[in-house]
Amino acid sequence: MDGLRALFRVRNYDLASTLNSGQAFRWVPYGDGWEGVVGNYWVWLRQTSTGIEARTARPVPCWDWLSDYLQIDVDIRSVLRSFPKDAPMQAAVRACRGLRLLRQDTWECLASFICSSNKQIVQIRQIIAALCERYGQPLDVPSGHPPAFAFPTPATLAQCTENELRQCRMGFRAPHVRAAAIEVATGRLRLDALAELPLDSARQALVRLRGVGLKIADCVLLYSGIHPRAFPLDTWIRRALSKLYFPGRRVTDKQLREFAASHFGPWAGYAQQYLFHYTRVIAD
DNA sequence: TACCAGGAGAGCG
DNA sequence: CGCTCTCATGGT
C-alpha cells in the first residue's frame, strides 16, 4: 500500500453503482475501471475480486484520504440491518447490493449541488467539469493522459464574477455559487463546524444560503458524511416513496418528510440512496 | 419544436 | 401550509 498503487480489501462494495448513483459527478469510465479526482489527486479505481484497486499519478505516502472518501471501513451489513423490513426496502437492497455512500469534500458537495438544482445529472456533470477545467488547480496525471483538475477552492470562486461563472453554463445558479464561495472563503460560513451541530441546526445553517433549500442542504450533509440521517427529498425519491409506500394516494412533501424521518431509522440517508438508485436505474 | 430537468424562492389565498 | 410561476440552459 505505497507509491502509486493501493489495494483496499473490502466486501459488499459495488464500485460502479456507488460512483454512478448521483452522489458524485466527476467519475467517468476509463479502461476497466473509473477515473476521477479526490482532493488534489487524480485517481483511477477498479473493482477486483477482493476489493478495490486504486492508482494515482504521483506517489502517495498515506492512503487514508482515499479509504475515507470511499468509506471502506463502514460496516454496510449493520447499516442494512437497520433498515425497515418492509417489502420495498428489501427489494431495493436486493437490487442494489454493494451500493455505498461516499464521504466527499463538503465545499465540493455544496457548490456541486447548488449547480444541480433543476438540472439533469448529465448537465450537472458538464457544469462541474467546466468549473474545474477553468478554475481548478491542474493535477498530475499519467503521461499522455489529458489534463485533470482539482475542484476549485472557495477563495478562487469567490474572486470570479457572476459572468465568468455563467460561462460554465450554470445559468441563474451563478450568483448562488459565487455568494456561497464568498461566505465560505470569508469564514462567515464554517463548513467544518457543521458536523458539531444537530441535523436540524446544520440544515438551517445551509438553508440561509441563496439557492440552497432543504433538498440541497440534505445532499451536502449526507454526501459529505456529516449526517447519515439526512434524507434528500428529490423528484425521484418523491416518486419512489409515493409509489412504494402510498400507492394511489396523494401525498404532500411535508407528509413524505415526516414519513422519511420516522420510518427509515438512523441510516435513513443510506436507505434513501438505495431507493433512489433502485427506482432510477433498475426498476421501471 | 416543445418539453423538462436530483429545486429554490417569491407571491398569493 | 399548499399552490403556482419564474429563473438559464442544454439534451432529447
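The model is predicted. Chain A is assigned three stretches of domain: domain 1 (5-73), domain 2 (75-96 + 227-284) and domain 3 (106-223). The protein has residues around DNA strand B and around DNA strand C.

**Domains**

- In the domain assignment of chain A, domain 1 covers 5-73 and domain 3 covers 106-223.
- Domain 2 is written in two pieces, 75-96 and 227-284.
- The centres of domain 1 and domain 3, taken over C-alpha atoms, are 22 Å apart.
- In the contact between these domains, 17 residues come from domain 1 and 19 residues from domain 3.

**The sheet**

- Strands of a sheet pair through backbone hydrogen bonds, and the pairing is either parallel or antiparallel.
- Five strands form an open sheet here, in the order E1-E5-E4-E3-E2, and their pairing is antiparallel.
- Strand E1 (3-9) and strand E2 (28-30) are the edge strands, as each pairs on one side only.
- On average, and with direction ignored, neighbouring strands of this sheet are turned by 30° against each other.
- Three bridges link E2 to strand E3 (residues 33-38), in the antiparallel sense.
- Pro29 is opposite Trp34, a residue of E3.

**Around DNA strand B**

- DNA strand B is surrounded by 23 residues, and the closest are Gly22, Lys119, Gln120, Ile121 and Asp234.
- Of the atoms of DNA strand B that come within 4 Å of the protein, 60% belong to sugar and phosphate.
- By class, the residues of this surface are nine nonpolar, ten polar and four charged.
- Helix H11 gives the most, with three residues.
- The backbone of Lys119 has an N or O atom 3.1 Å from a sugar or linking oxygen of DNA strand B.
- For Leu209, a polar backbone atom is 3.4 Å from a phosphate oxygen of DNA strand B.
- Gln272 places a polar side-chain atom 2.7 Å from a base nitrogen of DNA strand B.

**Around DNA strand C**

- The residues around DNA strand C include Asn118, Lys119, Gln123 and Gln126.
- Also among them are Arg166, Arg169, Gly171, Phe172 and Arg173, together with Arg250, Thr252 and Lys254.
- Sugar and phosphate make up 60% of the atoms of DNA strand C that come within 4 Å of the protein.
- The surface near DNA strand C has one nonpolar residue, five polar residues and six charged residues.
- In the side chain of Lys119, an N or O atom is 2.6 Å from a base oxygen of DNA strand C.
- The side chain of Gln123 has an N or O atom 3.4 Å from a base nitrogen of DNA strand C.
- A polar backbone atom of Phe172 is 3.1 Å from a sugar or linking oxygen of DNA strand C.

- The backbone of Lys119 supplies the N or O atom that lies 3.1 Å from DNA strand B, whereas the side chain of Lys119 supplies the one that lies 2.6 Å from DNA strand C.

Conventions. Residues are numbered from 1 along each chain as its sequence is written. Chains are lettered from A and ligands numbered from 1 in the order in which they are written. This is a predicted model: local features need pLDDT of at least 70, side-chain atom pairs count only at pLDDT 80 or more; totals for chains, interfaces and linings use all residues. Side-chain values use heavy atoms; hydrogens and water are left out. A residue is near a molecule or strand if one of its heavy atoms lies within 4 Å of it. A polar contact is a pair of N or O atoms within 3.5 Å; within protein, one must be able to donate a hydrogen and the other to accept it, and residues adjacent in sequence count only if both atoms are side-chain atoms. Ala, Val, Leu, Ile, Met, Phe, Trp, Tyr, Cys and Pro count as nonpolar, Asp, Glu, Lys and Arg as charged, and the others, Gly among them, as polar. Two strands pair if DSSP finds at least two bridges between them. Helices (H or I, at least four residues) and strands (E, at least two) are DSSP runs, numbered from the N terminus. Axes are lines fitted to C-alpha atoms, for helices over the stretch in contact, and angles run from 0 to 180 degrees between N-to-C directions. Domain bounds come from an automatic or database domain assignment. Contact means heavy atoms within 4.5 Å.
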